[in-house]
Amino acid sequence: MSGLLGGDASIPADGSSCISLPGSLRSSHLEESERVRAFPHFPGNWATFVYMIPRTDGLTSLFNQLIHETAAIPQLRSMKWSLIEEPHISLSRTVALRYHEIPHFTARLKADIMKTSLPRFCYSLEDIAFFRNDHVNTSFLALKVRRGQEEMANLLKTVNTCLKSFNMPPFYENPEFHVSFAWSMDRVSDEDKRVLIDYLQSKFDKLKGGFSEDLEQNARAVHCKSGNRTYLIPL
């Protein structure tokens with residue numbers, strides 16, 4: 001049971017089976033998925049990930065329609081795209097924390113966010129994008145953030161500062177904030193990628209009018225998942 005900067009879910013003392021994040025968080029666009037672990041498992045290490053969650057009331061319908069449209073591209077009909085059930089916006093890589101570090105990390109993250117007085121803000125999802133994970137074995141379809149990029153960049157600076165204090169790597173340079181909505185393990189060539197993005201962007205442009213309220217989002221909180229606990233930090 002998660003709550004503000006804490007949860008009541010129990011954590012096994014040896015850290016077993018918690019290096020892989022549950023649900024779609026294992027499908028992070030650049031870090032790890034259900035298919036591949038991003039780093040070796042060591043007892044007592046906990047996969048930790050900072051992110052934001054968009055409101056998905058109507059977005060799921062839009063995402064399913066876009067996935068369905070991929071089958072209309074002749075040279076890509078054999079590809080299988082699967083819906084990411086819990087979309088999110090990454091604000092960190094997936095890093096490994098020791099069990100005793102988790103409360104200190106989440107407390108520091110909360111304190112840093114509160115200290116900077118980062119306000120709630122609005123952001124928009126407006127462009128189709130394509131990403132591959134670090135292992136280049138999983139591809140992702142996404143909607144990129146347009147309005148709200150500056151605010152997310154400021155939030156990311158705070159997250160990176162916290163990560164650095166725990167000797168953890170920062171997020172990627174020049175990040176493209178986005179919400180991944182589908183994944184595939186099929187090979188996608190550069191030409192296929194171009195065709196896919198152009199086609200889906202044209203379909204998205206026709207569909208987005210019916211989802212205008214869903215594509216405009218309010219950033220109200222930052223989430224941090226470590227092991228099987230989820231921490232919520234309000235903005």
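**Reading the packing and the pairing**

Modeller: In this predicted model, helix α2 (residues 102–115) packs against helix α3 (residues 149–165) at an angle of about 145 degrees, with axes 10 Å apart. In general, two packed helices are described by the angle between their axes and the distance between the axes. Axes are lines fitted to C-alpha atoms, for helices over the stretch in contact; angles run from 0 to 180 degrees between N-to-C directions. Helices (H or I, at least four residues) and strands (E, at least two) are DSSP runs, numbered from the N terminus.

Biologist: Is the crossing of α2 and α3 left-handed or right-handed?

Modeller: Right-handed. The rule: clockwise turning of the near helix from the far one is right-handed, anticlockwise by less than a right angle is left-handed. From α2, the contact (heavy atoms within 4.5 Å) uses F105, R108, L109, D112 and I113; from α3, L155, T158, V159, T161, C162, L163 and S165. By class, this contact has seven nonpolar, three polar and two charged residues. Ala, Val, Leu, Ile, Met, Phe, Trp, Tyr, Cys and Pro count as nonpolar; Asp, Glu, Lys and Arg as charged; the others, Gly among them, as polar.

Biologist: Which residues of β11 are on each side?

Modeller: In a regular strand, side chains alternate between the two faces of the sheet. In β11, A221, H223 and K225 are on one side, and V222, C224 and S226 on the other. Both faces are covered. Six of the six residues in β11 (residues 221–226) are buried, meaning under 20% relative accessible area with a 1.4 Å probe, protein chains only.

Biologist: How many bridges join β11 to β12?

Modeller: Two strands pair if DSSP finds at least two bridges between them. β11 and β12 (residues 229–234) run antiparallel, with six bridges. S226 stands opposite R229. The two strands form a hairpin with two residues between them, and G227 in the turn has a positive phi of about 60 degrees. β11 also pairs antiparallel with β3 (residues 45–52), over four bridges; there, H223 partners Y51.

Biologist: What is the mean pLDDT of the protein chain?

Modeller: pLDDT is the predictor's confidence in each residue, from 0 to 100. The mean is 84, and 82% of residues reach 70 or more. Over residues 1–37, pLDDT is below 50. Where pLDDT is low, the predicted coordinates should not be read in detail.

Biologist: What conventions apply?

Modeller: Local features need pLDDT of at least 70 and side-chain atom pairs 80 or more, while totals for chains, interfaces and linings use all residues. Residues are numbered from 1 along each chain as its sequence is written, and side-chain values use heavy atoms, leaving out hydrogens and water.

Notes:
Buried < 20%, exposed > 50% of the residue type's maximum accessible area, 1.4 Å probe, protein only.
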